[in-house]
Amino acid sequence: MTSSRVLRLAVSAGDPSGVGPDVVVAAASENWNSELVFIGDGTMLAERADLLGLPLSLETYDPATPRSSGNGTLSLIHTPLVEIAKPGAAQVANAPVVVDVLRACAKGCMEDAFDAMVTAPVNKAVINDSGTPFSGHTEFLAELTGAEKVVMLLASGNLRVALATTHIPLRQVPDAINQDDLVSVLDVINADLKAKFGLSEPRIAVLGLNPHAGEGGHLGVEDMEVVAPAVETAQRSGVNAVGPVPADTAFNVNLREATDAYLAMYHDQGLPVLKYASFGAAVNITLGLPIIRTSVDHGTAFDIAATGKASAASFVEAVRVAERLAGQRL
């Protein structure tokens, strides 16, 4: 369904000392069909634009007058930092503001002030050092929105990789995987690929936890006792899933052509493949939320903040994906 209504996307610059402000400023120079509403410190963003030599005009957000952004212009909801941002420096004092901005973006989406939110990277260590427990955007937004089950999905074109577990130590992964959770994850992936991506019969390949998907139990029993039964249960409920598939061959050309999304058992099982194929241009999408949230595929990169070396490709693509997903809801 299409509509002439101008979409509104809430934008967070993430950690103000990282490359988040760089990519937001760069994205402002693109032409958009939606209004990008930057929630954050306007003075900080203007200073970063000056450092980078990029044009930027910040216009006070007017809820009554939607307008498309672009040509260096963003709408602004000013949210001041505690300290003046220093590019490349970890500033714990500003961490609570970073979290407040995320909260404002999400609540605005929940209240239908915004159609989606797009986030630049935060530094989890800095936020935790401030005394605020924070394991990532995905978990934070799940709790804030009351989502029963959320799934982290990274996508580049039609290559999509979802995660059964996210930011936990590798030694904890086998204990964190159970049949009921895997079924729930597959249900979320299936539902959102239909509702948000417009795929009528999404095909999902589930990666095995162990090498060779356990080799019939000789290389671990989890695939035989947990993953396979979860796939079978999901299949009975109408999910078009296959697996467990050995991870080392799952991304070959033939299976790629027959797969709309992969479900990896842990963070570094599936994401290295996707990031090798499209680093700097992939998008992080949180499935299972009652709102639309997209983000970049990279971190804060303190070492290149304000140097002009940061690519805005992933952030620009995150905005484009947010526009497409939000547009399908109209």
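**Entry 1: burial and overall form**

I began with burial, and in this predicted model I found that buried residues make up 52% of the 330 residues in the protein chain. I then looked up the secondary structure, where I counted 11 helices and 12 strands in the protein chain. The radius of gyration came out at 20 Å, close to the 20 Å that the globule rule gives for 330 residues, so I noted the chain as being as compact as a globular protein of that length. Taken along the principal axes, the box filled by the C-alpha atoms is roughly 60 × 45 × 35 Å.

I also asked what share of the contacts with a separation of 6 or more comes from residues 24 or more positions apart. The share is 75% in the protein chain.

**Entry 2: helix α1**

Next I took helix α1, which spans residues 20–28, and asked how many of its residues are buried. The helix is mostly covered, since 8 of its 9 residues are buried. I listed these as Gly20, Pro21, Asp22, Val23, Val24, Val25, Ala27 and Ala28.

**Entry 3: aromatic pairs**

I searched the whole structure for aromatic pairs and found 3. One that I looked at is formed by Phe134 and Phe140, whose ring centres are 5.7 Å apart and whose planes stand at 45°, so the pair is tilted. The cut-offs explain that word, because planes under 30 degrees apart count as stacked and planes over 60 as edge-to-face, while the rest count as tilted. I checked the cover of these residues as well, and both Phe134 and Phe140 are buried.

**Entry 4: Leu219**

Finally I located Leu219, which sits in the loop between β8 (203–207) and α8 (222–236). Is Leu219 buried, exposed or partly exposed? Its relative accessibility is 39%, so Leu219 counts as partly exposed, given that buried means under 20% and exposed over 50%. Leaving out residues up to four places away in sequence, I noted that Leu219 touches Asn210, Pro211, His212 and Gly214. I also looked up Leu209, which is 10 residues from Leu219 along the chain, and the C-alpha atoms of these two residues are separated by 9.9 Å.

Technical notes:
Residues numbered from 1 in each chain as written. Predicted model: local features only at pLDDT ≥ 70, side-chain atom pairs only at ≥ 80, totals over all residues. Heavy atoms only, no water. Phe/Tyr/Trp six-rings, centres within 6.5 Å; stacked < 30°, edge-to-face > 60°. Buried < 20%, exposed > 50% of the residue type's maximum accessible area, 1.4 Å probe, protein only. Helix = DSSP H or I, 4+ residues; strand = E, 2+ residues; numbered from the N terminus. Rg over C-alpha atoms; globule rule 2.2 N^0.38 Å. Contact = heavy atoms within 4.5 Å.
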